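This report describes a protein model with a ligand. Please look at the sequence and the structure first, then read on.

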Amino acid sequence: MPPKKKSAPSTKAIDTLLDESRKFKPAASFTRQANASNALYKEGAANPVKFWEKMAKELVWKKNWTKGLIWNPPDAKWFVGGKLNITESCLDRHIKEGKRNKAALIWEGEPGDQRTFTYFDLYRQVNKFANVLKSLGVEKGDRVAIYLPMIPELMISMLACARIGAIHSVVFGGFSPDSLRDRINDAEAKLLITADGGWRRGQIVPLKHDADVAIADCPSIEHVVVVKRGDFLLRFKEGRDHWYHRLMQEADAYCEPTVMDSEDPLFILYTSGTTGKPKGIMHTCGGYLTGVYATTKYVFDLKEDDVFWCTADCGWITGHSYITYGPMANGATQVMYEGSPNWPDEDRFWQIVEDYGVSVFYTAPTAIRSFMQWGREWPDKHDLSSLRLLGTVGEPINPEAWIWYHEVIGQKKCPIVDTWWQTETGHIMITPLPGATTTKPGSATRPFPGIEAAILDENGKPVKKGGGYLAITKPWPGMLRGIWGDRQRMIDTYWSKWDKTYFPGDGAKIDKDKYFWILGRVDDVINISGHRLSTMEVESALVEHAQVTEAAVVGVSHDIKGEGLVAFVTAARGTATDDKLVARLRDFVARKIGAIAKPEKIIFTGDLPKTRSGKIMRRLLRDIAAGKIIGDTTTLADPDILNKIKARYEED
Ligand code: PRX
């Protein structure tokens, strides 16, 4: 039996973040062996383009570039004229350079099944699957949707697409059929790769079943390839659906890598924006690979005998950059795990660290807060002495969680790299360099060498004191090249606030040592467990329900998830607004978007606070949900409505 759960950690640390003054100098023993030194900062600052060109030269190119960068804001071209196929850097070169029999991927399924792939195994699988894709008519530039659990075939599928120049669009397996459908249709994907199912907390996730629902409305899909993960029930549509293992039996062992331009697209990954429609963020081959390669090498300090484990899912950017591409381009050995961290018990992660001797571990603050809540007795049961470096990503880490991570998991000897970046940035942007940078709990510290960032005010003036907007002031290799099918949206979202400067949508402050402290999103995008979600998207889902007339959704701080959702809902006339309706609406949102989007609370209200022109004033609802004094209400059409909602909220 698991021990009694402890109470949630205090969130007080978030409030006092601005006063945090603890500092952690790198240990001399780590510094001595580190890949990065302070000289790297100097090199990056002296000439960022030259710095990135040096990094790119460590990859395999078919033809050299003629110019490092052409910058026509907001369009950047990196390694112009260069030709490559990125799978040669991730696979071919390793099997030629002595890593043929090195473990590339050590995979563990949630039920405990295990598979290990050497570099040669992975190379073989990727080549064969690339031939399978070709045999099903996939060509360079075609879009392929991938809806898989965290199994090796996910990485193999991504790399196989890259091998033939097809653009992959991975959709997180926890997303609903509706979310999958919208993403497939937006990208007009020709082929879908899915599985009969996957495992999550001992339950089967019926991926093929959900995919069938989705593709009933996806006219572009010609073929579906199904990986057999278990003995799960499914329906097959003759001619359209194919078993992965059958196709692989017949596939040729070698597939000539398609020669790609440095600026050809590599993948699309959808992320939430401030409107209901997800944005298909586009990344290209040369710049993206250079960025993920260099950051993996220097931020995770990878060595030949390290065992790297990034706990993200490949459905998110972290899994793209720091599972599929960065570690593979570095020839690393890595662990991949299918399931949840508390299955069957709260020490599953620590068991994995111990079993495989994980040495570099990368996870999210939300996971760390869960570990804290479950109690240190779980990690304490295991030998974690193989760990030498820890990382976090996805949201600000509160200093108390940082200290817990340092003391309980890192046993006070592992540096922590708190890495700030986004789907759009492609790779880590602000981070300590382990062994070189003194860390401060809660601060992502300094821009990675070759990256220039600043804190600006509304007018683009540098903020000297206090908070402002985070800005990236120079182009970088992994930067997004566009939003699929919507160039204007890319310009409006990221490049319109200031001149020639990227706006990531985060607030931040800078301290006297020029360290960056990320304060979170400044738009209507909230961050649940390190995953971005648009409150608009959840509102759209709610109002689709027949018993909902209107809905406003806001983010509130949450002890474990960082942020959670509160929905204020006006129900259709005559509807009983009881617990059953709450449950139905929560399930409805999960079905429409995914379980991650379920509101923590649903408050029914006769009306929503609106301006005289009918705009919902979410700012006021945010104040109610946060228990704050309600802000300026002068533009409100009916001030009385607020008191009613507040009373209802406090009652709940
Ligand atoms: O708000 C920032 C937060 O996550 C956002 C990016 O989300 P996404 O594109 O889903 O990518 C997550 C994984 C890279 C950012 O705009 N964020 C990410 N890392 C950090 C962070 N906030 C604070 N500190 C971080 N280390």
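Helices and strands are DSSP runs, helices of at least four residues and strands of at least two, and they are numbered from the N terminus. The model described here is predicted.

**Backbone features**

Pro74 sits in the loop that links strand E1 (67-72) to strand E2 (75-80). The peptide bond that joins Pro73 and Pro74 is cis, with omega at about 5 degrees. A cis peptide bond also joins Trp343 and Pro344, where omega is about 0 degrees. Pro344 belongs to the loop between strand E17 (333-337) and helix H13 (348-356). Lys412, a residue other than glycine, has a positive phi, near 65 degrees. The loop that holds Lys412 runs between helix H16 (399-409) and strand E20.

**The ligand and its surroundings**

How many residues surround the ligand? The number is 17, and the closest are Asp418, Thr419, Thr423, Asp506 and Arg532. By residue class, the shell around the ligand is made up of six nonpolar, six polar and five charged residues.

| Residue | Protein atom | Ligand atom | Distance |
|---|---|---|---|
| Gly394 | backbone N or O | nitrogen | 3.1 Å |
| Glu395 | polar backbone atom | nitrogen | 3.3 Å |
| Thr419 | backbone N or O | nitrogen | 2.8 Å |

On its own the ligand has 540 Å² of accessible area, and the protein covers 96% of this. Helix H12 (317-329), strand E20 (416-419) and strand E25 (516-521) are the elements that each give two or more residues to the shell around the ligand. Thr419, listed among the closest residues, has a backbone N or O atom 2.8 Å from a nitrogen atom of the ligand.

**The two domains**

The protein is divided into domain 1, residues 86-258, and domain 2, residues 525-651. Between the C-alpha centres of the two domains the distance is 37 Å. Where the domains meet, seven residues of domain 1 are in contact with seven residues of domain 2. The area buried between domain 1 and domain 2 is about 410 Å², with 40% of it on carbon and sulfur atoms. Which residues of domain 1 lose the most area to domain 2? They are Phe175, Ser176 and Asp178, and together they account for 67% of what the domain 1 side buries.

Technical notes: Residues are numbered from 1 along each chain as its sequence is written. This is a predicted model: local features need pLDDT of at least 70, side-chain atom pairs count only at pLDDT 80 or more; totals for chains, interfaces and linings use all residues. Side-chain values use heavy atoms; hydrogens and water are left out. A residue is near a molecule or strand if one of its heavy atoms lies within 4 Å of it. A polar contact is a pair of N or O atoms within 3.5 Å; within protein, one must be able to donate a hydrogen and the other to accept it, and residues adjacent in sequence count only if both atoms are side-chain atoms. Accessible areas come from the Shrake-Rupley method with a 1.4 Å probe; for residues, only the protein chains shown count as cover. Ala, Val, Leu, Ile, Met, Phe, Trp, Tyr, Cys and Pro count as nonpolar, Asp, Glu, Lys and Arg as charged, and the others, Gly among them, as polar. Domain bounds come from an automatic or database domain assignment. Contact means heavy atoms within 4.5 Å. Buried area is the accessible area (1.4 Å probe) that two parts lose on being put together, summed over both.
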